[in-house]
Every structure is written in C-alpha cells, then in structure tokens.
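Here is a short report on one protein chain. Keep the sequence and the 3D view open while reading.

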Amino acid sequence: MRWSSLGLAVIVAVAAISDSADARSRKARHKPAAASTYSPPTASIVVDGNTGTVLHASNADAIRHPASLTKMMTLYLLFERLESGKVKLTSDMPASAHAAAQAPSKMGLKPGNTIKVETAIKALVVKSANDVAVVIAEYLGGDEPSFARMMTAKARALGMTHTTYRNASGLPDDDQVTTARDQALLGRALQDRFPNYFRYFNTRSFAYEGRTIGGHNRLLGSVDGVDGIKTGYIRASGFNIVTSVNRNNRHLVAAVFGGRTARARDALVRGLIDKTYNVAAAKRTAPPVAEGTAVAEIKMPAKPPTPVADPRPEDVAANDNPDVGSTEPIKPNAVKTVLVRSGKTQMAALSELPPAGRALMPPHAKPTTVSTIATVKSDLPPPPADAGPGILGTLPAKPVPQRVASVGVSVPVPAPASAPVQEAMGSAKSRSGWMIQVGAFPEETAAKERLEAAQTKAKAQLGQAEPFTEKVAKGERALFRARFAGLDKSQAEAACKNLKRSEIPCLLMKN
C-alpha cells in the first residue's frame, strides 16, 4: 500500500510539472517579439484628396516593400475586368495547386476548389488571403508571373514610377518594391476610378461557408470618417497601411510604412489625421487620378496649379504578431495631377501588354496596314520652296532620300527612306491636321495590336484614318507610339471618346 501510494504521488507530481512546462511553452510561442528589438524602415505621406496637396511627408519616396498593400493593385485589375463586363461578381474562379500552397494568411482553398469573384474581393480586403490573390492572378493573367507583369505595367501607366510587382499577394520578394507616395497614388486611383467597387474596402467582416471572417482594420468604426482601404505586414516592411478619411467634405489619404506593431502604426495614422485634417480643403478641385497622367504632389502652402493641356504626349493580424503576409484593409492616398512641362517628355505604356497570341481583332476583321516612322533628334534640312504643310510636319513635295539620326546612342534607328515610311509620310501630307495616340509600347508588335484593337472599337471614326507606329527613344530604350493620322477635329474627339469607353487610352493632338 505504501509503495502504491508513493508511486501515485510521483505520477501526479510529474504530470503537474509537465502541464506547467507545456503552458510555459505555449505562452512563449505566442508571445510577440519585443518591439524594442524590431525597427523596420519607416515612411509616411498624407495627401489632401480634394486638392492633391501633400500635407505631410516623411521618406515618401524611399524604397519599401508593399507587403499585402500589393493586393490593392490585384483588385485594381480585377475591378477593371468587372467594369468592362468581361468578369462578373458571380463568376467562379478555380484554385490551382500553386494557389492552394500559398503561405498564410489564407482561406484554405484546395486544388480544384472554386471561389466567386465577389467573395474573393472580400477575402482580399478583410482576410488578406494570399491563396485567393493567386487565384485572381491566374484567372486574369494565366499565371502569376504574367499577372505580376500586368500589375507593373499598370503601375507605370498610373505614374507609380518606383513600384515593381513580382507576385499578386505581397508575400516576401526582394524585388517587389514601392514607395509611400506610389501607394497613396494607387489608393486615390482606386477611389476615383472605381467608386462602385471601392465600397468593398469598408468591409469589416463577411460570411464564408457558415462562418464569419473578421478583419483587422481597427481604424474602421473607431476613427470618424475612415472608409477604407488596406493594411499589410511582412517582417521586412513592418506594419503598413493606406487609409482614406472622408469627413465633412474633407478627404485625406494617408500611407504609413514601418510600424513596429499594428498598434504603433494605427497610433501614427491617428496622429497624422488629427494633425492635417484642419488644414485640408473642403472643396474638390483636383481632377481624378487617371492612367497616362503625369502626377505630382505639392507641399503646403503652395496653391495647386491649374492643369494645362500639353499638345505633346507625356511619355496582420488582430494581435501584434501576425502571420507572414497578412494585412488589414485601409484607405487610398490622394495625389495631385499637374501639367507636363514642355521639353521633358515621359512615355509609358498606358495599359498592360496583352498575352502572347491573344487576338485583339475579330476573326473576320480586315487587317490594318500599319507603317512605321522614326522620330529624329537632329533637325531636318530646310524644306524646298514647293513644300507644303503635312500632318507630321512640313514635308517636301517629292520624297528626298535622307539618313535619319538615332534619337539615343544605344537605340539604332534605321534610315526612313524605305518605301513604307515614305508612303506613310506622303499619304499623311494631304490629310487634315489632327491625329490621336492610343498607346506607347516597348515592342512594335504590341503597338500594332493596339492600333488594330482601336480601329475595331472605333470603326466609324477610324475606318478611313491612317494607322502608323512611331519609334522614339526614351533614355536607353525604344518605345513605339501607336497613332492614327488623317482626322479632322470632330472625328478625333469622337474617336477618343469612343475608345475611352472601351478602356483604350487616347490622346488628341494637332499638328
């Protein structure tokens, strides 16, 4: 009996010690890392959404990692497809093995599962689900790398010059970079471009397969006027956020990078809102952020300049220790659009390049004959006495063979005395003095495809117009402008209006 009693006592004691050790181990695993030992690089900006004026900036152009703020661009491209009618909110998107294998935060999709577009939007905004971000990427782009290239092209078109995307979720990648200013611009663009879909960024929870999925954005419902937009976290970036405040006709957009904890980041955002709200304008004067527009911010108290048309093209969690890749919903940043000054031209492809082999023309459409010309850096010789005005400049009555200089030292430009170029210039001579540009691309094939697509969308106005590509040098690279000549002003204006409805950018120019 004595030995039995002693053995039982030993067993109870060992069990008690084991339980205590397990408890200490679990507590250690879930205890957040000491904030004093974690100091990610910071950056922040606050923009007046009504005027585009920068009310605060700190390291706004410093290179940072976007983390799950990346999903803002993923949703931008999805909203584009929804707006064009190519995708519906009820469309089912399949999950691949690659999507299902993404690291948390995630919805737990299995290969072969499907998710509806509207549910996917909420999953990105509320849960910041990495598996769903890849599902969207593969559904729209075929594969994630191709979709990332589309994201980067769209960033360039919006004026996000320091942003490069490598994936659709924001999971760690050394080459996936951005700035606070760029993310503020994207947040503003989302609100200006997609007012009907921006409301999803105000979602705090949603139902999924019988359970309620809650979000992490503590500013929603706790700060007056906050109505979006997105949060993010990876260790290399710290806790990030883009947030929008609409209160009493005032609109602020703030982007904050590098919070040591979610609470620290939120406290900084609150402070910036309190600091800048009273100096924000109560009337909207800035034009909407749009693709192909030169964008800049102006520090207070400078008065925002009046936009002037330039005739030339201008080329993670609820606690402070989230899963890698998780983010919180937050708001878009306001950015100001100003005029492009003469002599400093910036070109960018105004939309993502189409996938290889994608047909932009209907199967029975008549192929468009496109000519290529080269823009020269040096001045051409004075025109002869019998010269007359032309759409591309003053041209001689008869073609004069000339060798055209390269615009850049590293971009060879062939002599334009070949038949196609001379024919294009000669035929344009007799046309009226208006033309339009529908894009600029690094490959001539893409420029020609854009011309075909534009002629299909605006057949009534462009049926008799002359399509051509124009090769120009931008630094050490070449771009091909896609243009139509031979239009009068009313035709050019009608064509641009029609093309913009079809999501094809259009720039009106007079010779």
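## The disulfide

Cys506 has a relative accessible area of 11%, so this residue counts as buried. The model is a predicted one. Cys496 is also buried, because its relative accessible area is 7%, and the cut-off for buried is under 20%.

These two cysteines form a disulfide. Their sulfur atoms lie 1.9 Å apart. The structure holds one disulfide. The link between Cys496 and Cys506 is left-handed, with -60 degrees about the S-S bond. It joins distant parts of the chain. Cys496 belongs to helix H13 (residues 489-501). Cys506 sits ten residues away, in the loop between H13 and strand S17 (507-510).

## The chain as a whole

The protein chain has 511 residues, and 50% of them are buried. It contains 13 helices and 17 strands. Its accessible surface comes to about 24000 Å². Carbon and sulfur atoms account for 54% of that surface.

## Nonpolar cores

The largest nonpolar core has 63 residues. Within this core, Val132 and Leu190 touch the most other members. Helix H2 (residues 70-84) gives the most to the core, with eight residues.

What does Val132 contact, leaving aside its neighbours within four places in sequence? The partners are Met107, Leu109, Ile115, Ala120, Ala123 and Leu124. A second core is separate and has 22 residues. Among them are Phe441, Leu451, Ala465 and Leu499.

## Aromatic pairs

A search of the whole structure finds six aromatic pairs. One of them is Tyr76 with Phe194. The ring centres are 5.0 Å apart. The planes of Tyr76 and Phe194 meet at 80 degrees, so the pair is edge-to-face; the cut-off for that class is over 60. This pair also links distant parts of the chain, 118 residues apart. Tyr76 is in helix H2. Phe194 is in the loop between helix H7 (180-193) and helix H8 (195-198).

Are these two residues buried or exposed? Tyr76 is buried, with a relative accessible area of 1%. Phe194 is buried at 1% relative accessibility. Both belong to one aromatic cluster, which also includes Phe79, Tyr197, Phe198 and Phe201.

## Charges over rings

Two arginines deserve a look here. The charged end of Arg199 sits over the ring of Tyr200, 4.4 Å from the ring centre. Arg250 lies over the face of Tyr277, at 5.4 Å from the ring centre.

Conventions. Residues are numbered from 1 along each chain as its sequence is written. This is a predicted model: local features need pLDDT of at least 70, side-chain atom pairs count only at pLDDT 80 or more; totals for chains, interfaces and linings use all residues. Side-chain values use heavy atoms; hydrogens and water are left out. A nonpolar core is a set of buried Ala, Val, Leu, Ile, Met, Phe, Trp, Tyr and Cys residues joined through side-chain atoms within 4.5 Å. Buried means under 20% relative accessible area, exposed over 50%, partly exposed in between (1.4 Å probe, protein chains only). Helices (H or I, at least four residues) and strands (E, at least two) are DSSP runs, numbered from the N terminus. Contact means heavy atoms within 4.5 Å. Accessible areas come from the Shrake-Rupley method with a 1.4 Å probe; for residues, only the protein chains shown count as cover. A disulfide is a pair of cysteine sulfur atoms within 2.5 Å. Rings of Phe, Tyr and Trp (its six-membered ring) pair if their centres lie within 6.5 Å; planes under 30 degrees apart count as stacked, over 60 as edge-to-face and the rest as tilted. A charge sits over a ring if NZ of Lys or CZ of Arg is within 6 Å of the ring centre and within 35 degrees of the ring normal.
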